[in-house]
Amino acid sequence: MLRYTIRRVLLTIPTLLGVAVLVFFMLRIVPGDVIEVKLRADGGNVSQEVVDAERKRFGLDKPLVNQFADWMVGMAKLDFGTSMWTERPVIEEISLRLQLSLQVAIMATLIAVFIAIPLGTTAALFRDTWLDYAVRIITIGGLSIPSFWFGMLIMLSLLALFNWLPPITFTPIYVDPIANLTQLIWPALAVGYRYCAVVARMIRSSLLEVLNEDYIRTARAKGVFEKLVVSRHALRNALLPAITVIGLEFTFLIGGLVVTEQVFNLNGIGQLFVQSVSRNDFMLIQGMVMLIAAFYVFVNLAIDLLYAVFDPRIRYS
Amino acid sequence: MTLVLPQPTTPGAFSAALGKVGEFTRQQPLGAVSFVIIFVMMFAGIFCELVAPYDPLTIDFAAILAPPSIDHWCGTDAYGRDIFSRLIYGSRTALVIGFTSSFVGSSLGATLGIASAYFGGRIDSWIQRFMDVLLAFPLIVLALVVVAALRSFVVGGVDMNLILAIAIPIIPRVARVVRAAALGVRVMPYVDAARAAGYSNSRIIFRHMAPNVVAPYLIMLTAFIAQAILAEASLSFLGLGVVEPKAAWGLMLSGNAADFYREAPWMILFPGAAISLAVFAFNLFGDALRDYLDPRFKV
């Protein structure tokens, strides 16, 4: 187990390094950078000397390899550089908004998991009945309705039913839980629907698979109550693949938030990402991509290690 | 008097295909329904000029924010443009970008997946490492980075930057699935026979192995058309995809649409419904195709 863990942890290094190389050079293949957006966006007539001086200030005049080396050395010292737009440290810009996005993500996960488990289980147990079809339609809807449009529908219905819109300013949950929840529950619902659909489908299919196993037949044959067969024997084994999906989808929630935060006008990670992309703020884009990728890689690592604990065959292969 | 049609003695290719369609419809009624939706969308997208009642770009100050009526089925937007016509033109945008990017991404992914399985060893592990890197980005995040890198890059009225931005995240996801299928094909005797006969690697990959992984390829292709349409809508919504005044569903929801929650909810309802219906149809069709082509996956 120790050898497997070490090998698996070491494997994350090339992936993260690859992400760094990819994002760094991809952003710089095509000419155009933050200085141009900043100084020439409004058709401003700025002399080349000023542009060059600004580039020099941000180190954009150095050869690419040197810029990359600087960035890597900085990251090794946990210094992610400064935003080229606001000129504040990338870490600061991100951590300002992480709290909000993380809370929405966690709430969406809770909503999704609590709805998905009964939904998926019902669909599997009543396979090919109207209940199953209803669940399948609801879940396919979740995969099809864009979360940002669902968010807009929520706003529209709040407006139509209560003539009320959620507040725009963010209040941390420890300051005023009610103000906080009335603002953030809606985006959590909007991104949670898709999440719930994915998890429910996974639970349905893995539960159907497990219900065909020999040990389920054995349990039934020895007269275990059907309720116990489902809850103890089947669901427990079906949840493992579902946990993988829950973990992976959690990182992909960031992707959903990128768009949905725009709808609810939330100043979170997603909005920051879109802003920095339209401003060509390389340092901030790089920092955020590294954060998201690192998050994904570590969730994956955790899932793999969890599997190895549960399934000894993986450790020895 | 009855008309006697000449009956072909052997079933031709056409009636064989028709039989397949009939079989698919019987086995997958939901898939057939979704195909009808896709067909209507494709028809509207191809014959926009004939189907749309108005020009999608004509500004009509006399009909700004008109509610749905007989003249304007889905109402008009803040410039008095007919929303129904813009939806029809938007289906062209969605289909062109959705289909092209899914095709490019799936084909590159499938090629890499088969090559990875065929060569094995060091090449396999290099390709897999590279795919792992691409997989570490959520789809929309990678698409945004590619958009940031390419900026606007339009060739012949088609947004190439958008197509590439959506195709690249698809590559690793398809490569993974196709590689798994191709590993099974790799050990087949006919691949060894082809190698023994001295065929080139590319010939073996494209002529001998590729035809045997067509099923997973097609399933992934249709499933990713849905994802690609969703991604295009999201990027356009963020103002980083298709740009005004071109008609695109995501774009119709962005910018000033949100300012009219109270006055003109139809500006939000119809484009979103169009996106959802299109993605729904492709998702359902992909599911049905999977069940039909590969009954092993049927759970």
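Mentor: With 54% relative accessibility, A:Asn163 counts as exposed (exposed means over 50% relative accessible area, buried under 20% and partly exposed in between, with a 1.4 Å probe and protein chains only). The model is predicted, so local features need pLDDT of at least 70 and side-chain atom pairs pLDDT 80 or more, whereas totals for chains, interfaces and linings use all residues; side-chain values rest on heavy atoms, without hydrogens or water. Residues are numbered from 1 along each chain as its sequence is written, while chains are lettered from A and ligands numbered from 1 in the order of writing.

A:Asn163 sits in the loop between helix 7 (147-162) and helix 8 (177-211) of chain A (helices, H or I with at least four residues, and strands, E with at least two, are DSSP runs numbered from the N terminus). The backbone of A:Asn163 deserves attention, for its phi is near 50°, a positive value in a residue other than glycine. Most residues other than glycine have a negative phi.

A:Asn265 belongs to the loop between helix 10 and helix 11 (269-278) of chain A. Because its relative accessibility is 43%, A:Asn265 counts as partly exposed.

A:Leu211 counts as buried because its relative accessibility is 17%. Setting aside residues up to four places away in sequence, A:Leu211 touches A:Leu125, A:Ile216, A:Arg220 and A:Ala234 (contact means heavy atoms within 4.5 Å). A:Leu211 and A:Ala221 are 10 residues apart along the chain, and their C-alpha atoms are separated by 13 Å.

Helix 6 (residues 130-144) of chain A holds A:Tyr133. A:Tyr133 has 40% relative accessibility and therefore counts as partly exposed. From A:Tyr133 to A:Phe150 there are 17 residues in sequence and 22 Å in space, C-alpha to C-alpha.

These residues may now be set within chain A as a whole. Chain A has 13 helices and zero strands. Its C-alpha trace spans about 85 × 60 × 35 Å along the principal axes. Of its 317 residues, 48% count as buried. Among the contacts of chain A with a separation of 6 or more, 72% join residues 24 or more positions apart. The accessible surface of chain A is about 15800 Å², and carbon and sulfur atoms hold 66% of it (areas come from the Shrake-Rupley method with a 1.4 Å probe, and for residues only the protein chains shown count as cover). Chain A carries 27 positive and 24 negative charges, whose mean positions are 10 Å apart (Lys and Arg are positive, Asp and Glu negative, with His and the chain ends not counted; the places are NZ, CZ, CG and CD of Lys, Arg, Asp and Glu).

The account now passes to the partner chain. The axes of helix 10 (residues 226-264) of chain A and helix 6 (residues 139-150) of chain B come within 7 Å and cross at roughly 55° (axes are lines fitted to C-alpha atoms, for helices over the stretch in contact, with angles from 0 to 180 degrees between N-to-C directions). The two helices are therefore oblique to each other (under 35 degrees is roughly parallel, over 145 roughly antiparallel, 65 to 115 roughly perpendicular and the rest oblique). Helix 10 of chain A contributes A:Phe252, A:Gly255 and A:Val258 to this contact, and helix 6 of chain B contributes B:Leu139, B:Ile140, B:Val141 and B:Leu144.

Chain B comprises 12 helices and two strands, in the order α-α-α-α-α-α-β-β-α-α-α-α-α-α from the N terminus. Its C-alpha atoms fill a box of roughly 75 × 70 × 40 Å along the principal axes, and 52% of its 299 residues are buried. One example is B:Ser106, in helix 4 (residues 83-119) of chain B, which counts as buried because its relative accessibility is 0%. Beyond its neighbours within four places in sequence, B:Ser106 is in contact with B:Ile170, B:Val174, B:Tyr217, B:Met220 and B:Leu221. Chain B exposes about 14100 Å², with 69% supplied by carbon and sulfur atoms. The mean positions of its 20 positive and 18 negative charges lie 16 Å apart.
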